[in-house]
Amino acid sequence: MLSAARMSRASRDDSMENLSSLSFEEAPLIRTEIPGPKSRELMEKQNAFETGSRTYTRQFRIAVRRGRGSTIEDMDGNVFIDWFAGVCVMNLGHSHPVVQKAMVRQLEEITHINEMPTESRISFLETLNSTLPQGLKNSARTMFTVTGGDACEAAVSLARHVTGNRTIVAFGGAYHGVAGDIVRATANYHYRQYAGIALQDVYHLPYPYSYRFPVKVREEEMSSFIVSHLEHLLRDPYAGPGPVAGVLVEPVQGEGGYVVPPSDFLPMLREVTEKYHVPLILDEVQSGVGRTGRIWASEHTGVSPDIMCISKSIGGGIPVSAIVYREDYDRNLPGGFHLGTYRGNPVALAAGNAILGYLRNSDVLERVNVLGRKLKSRFEEIARRYDEVGEVRGIGFMVATEMVSDRKSREPGTAIASKLKEQMFSRGVLMHTCGHYSNVMRFMAPLTIEERLIDKGADIYAEALDSVTKDTKH
Ligand SMILES: Cc1ncc(COP(=O)(O)O)c(C=O)c1O
């Protein structure tokens with residue numbers, strides 16, 4: 001158990017609320033068949049109007065009534081433990097009073113006002129600045145965008161503008177979004193000059209994913225293997241990619257499988273990109289806002305990027321994203337360089353200011369480190385009993401178990417992960433997958449989740465895994 005002393009600082013501060021009471025007490029509670037009758041009714045109506053290409057509704061088949069803390073109640077009164085957090089968006093949980101109050105206060109003033117300053121915008125910028133990596137703190141500019149993908153696009157456009165080059169080096173397993181390229185249909189060349197990333201403009205290097213690295217390299221040599229290859233690309237005009245505009249990387253890979261790189265990877269990338277004057281772009285869209293136990297995942301290695309992409313939890317559920325970049329990159333940047341109607345929604349920024357402030361002034365990050373390590377140990381202990389768990393890995397509240405058909409072959413256990421997700425859902429826990437083969441179970445609960453809901457969820461994971469692996473053997 002976390003000691004009372006550890007939890008107390010949050011409640012001592014007047015602006016903080018006691019974390020222990022946010023979630024529904026009774027979670028998980030399954031009262032009806034799933035989906036229940038009211039859920040079914042709304043789902044049928046949804047099917048009649050909305051696209052059939054939805055993804056999440058195929059997995060979590062409920063209509064939602066409300067969320068509290070790390071729990072969700074469906075329309076039939078079933079209560080689920082939320083290990084999903086809207087894909088790392090609700091980092092302080094659902095209906096967090098500190099965030100809600102900030103949002104309501106802003107809603108009562110104004111909801112949308114393009115880029116004109118509001119108090120919430122300026123407070124957010126000041127608070128964000130106070131959290132930045134050393135190389136950006138007090139010497140950065142922020143450009144607001146709307147989604148994570150939008151921020152990554154803006155980052156790439158900026159890197160191209162700064163260097164005059166086109167090619168971006170990215171990594172296998174990367175996920176930076178799926179939006180974009182519509183700029184090519186916009187007629188004004190001014191907007192197209194740096195934007196839009198064609199496939200031939202991207203060169204992928206392998207990410208240091210030791211469990212599935214494409215060549216045999218010792219783990220301690222993996223970073224230097226990759227970064228030497230990068231240096232070759234930057235130095236040798238015959239290497240292939242041409243002049244490089246930027247290196248785009250997730251400090252911890254999200255959709256790619258919750259892959260934590262060796263601790264020397266980012267520092268080595270930093271050294272080489274600096275040597276060749278190539279902007280280093282860190283995509284903190286998923287790993288940021290406390291998810292790894294620090295506000296920004298880059299803090300674990302002390303690396304400051306030239307450009308940083310942030311989104312998801314900074315809006316408390318309202319879409320907002322941004323790039324934060326070296327202030328010298330702002331020189332000669334024309335007005336409307338990366339423009340749009342929505343650039344920093346005031347309600348989202350009021351939430352973001354409250355969230356970043358809460359992370360800085362409470363013990364949440366310490367909890368994430370303690371409870372994340374505890375859950376990882378529990379997963380490791382469970383894994384020892386099953387040949388189908390290939391690897392347990394993670395940092396903070398990015399904890400994952402990679403499913404395989406058996407440890408020897410390491411064949412991806414996609415069907416096992418899918419059944420496990422289904423079994424956990426039917427027992428009242430929302431747990432989602434990721435990974436190259438959708439075979440990685442990932443824990444991404446709100447950072448404020450109560451310890452009992454981690455323990456209970458882990459018990460359910462163990463029961464479900466037992467049932468799924470027995471089924472596959474028969
Ligand atoms: C690391 C990373 N970058 C970018 C994105 C894209 O964000 P969005 O879905 O808001 O476009 C995601 C989404 O999961 C992500 O995890």
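Reader: Over which residues does pLDDT stay under 50?

Author: This is a predicted model, and its pLDDT stays under 50 over residues 1-17. For that stretch the model has 30 contacts beyond four places in sequence. Where pLDDT is low, the predicted coordinates should not be read in detail.

Reader: And what is the mean pLDDT of the chain?

Author: The mean is 93, and 95% of the residues reach 70 or more.

Reader: Let us turn to overall form. What radius of gyration does the chain have, and what would a compact globule have?

Author: The chain has a radius of gyration of 22 Å. A compact globule of 474 residues would have one near 23 Å, so the two agree. Along the principal axes, the C-alpha atoms fill a box of roughly 60 × 60 × 50 Å.

Reader: How many helices and strands are there?

Author: The secondary structure comprises 14 helices and 15 strands. Among contacts with a separation of 6 or more, 76% come from residues 24 or more positions apart.

Reader: What share of the residues counts as buried, and what about the accessible surface?

Author: Of the 474 residues, 53% count as buried. The accessible surface is about 20600 Å², and carbon and sulfur atoms hold 50% of that area.

Reader: Now a single residue. Where is Arg343, and is it buried or exposed?

Author: Arg343 sits in the loop that runs between strand 10 (321-326) and helix 11 (346-361). Its relative accessible area is 6%, which is under the 20% limit, so Arg343 counts as buried.

Reader: Which residues does Arg343 touch?

Author: Leaving aside residues up to four places away in sequence, Arg343 touches Asn114, Glu115, Arg121, Phe144, Thr145, Val146, Asp150 and His338. Val146 is 197 residues from Arg343 in sequence, while their C-alpha atoms are 6.4 Å apart in space.

Reader: What about Asp455: which helix holds it, and what is its relative accessible area?

Author: Asp455 belongs to helix 14, which covers residues 451-473. With a relative accessible area of 26%, Asp455 is partly exposed, because that value falls between the 20% and 50% limits.

How values were computed:
Residues are numbered from 1 along each chain as its sequence is written. This is a predicted model: local features need pLDDT of at least 70, side-chain atom pairs count only at pLDDT 80 or more; totals for chains, interfaces and linings use all residues. Side-chain values use heavy atoms; hydrogens and water are left out. Helices (H or I, at least four residues) and strands (E, at least two) are DSSP runs, numbered from the N terminus. The radius of gyration is taken over C-alpha atoms; the globule rule is 2.2 Å times the number of residues to the power 0.38. Buried means under 20% relative accessible area, exposed over 50%, partly exposed in between (1.4 Å probe, protein chains only). Contact means heavy atoms within 4.5 Å. Accessible areas come from the Shrake-Rupley method with a 1.4 Å probe; for residues, only the protein chains shown count as cover. pLDDT is the predictor's confidence in each residue, from 0 to 100.
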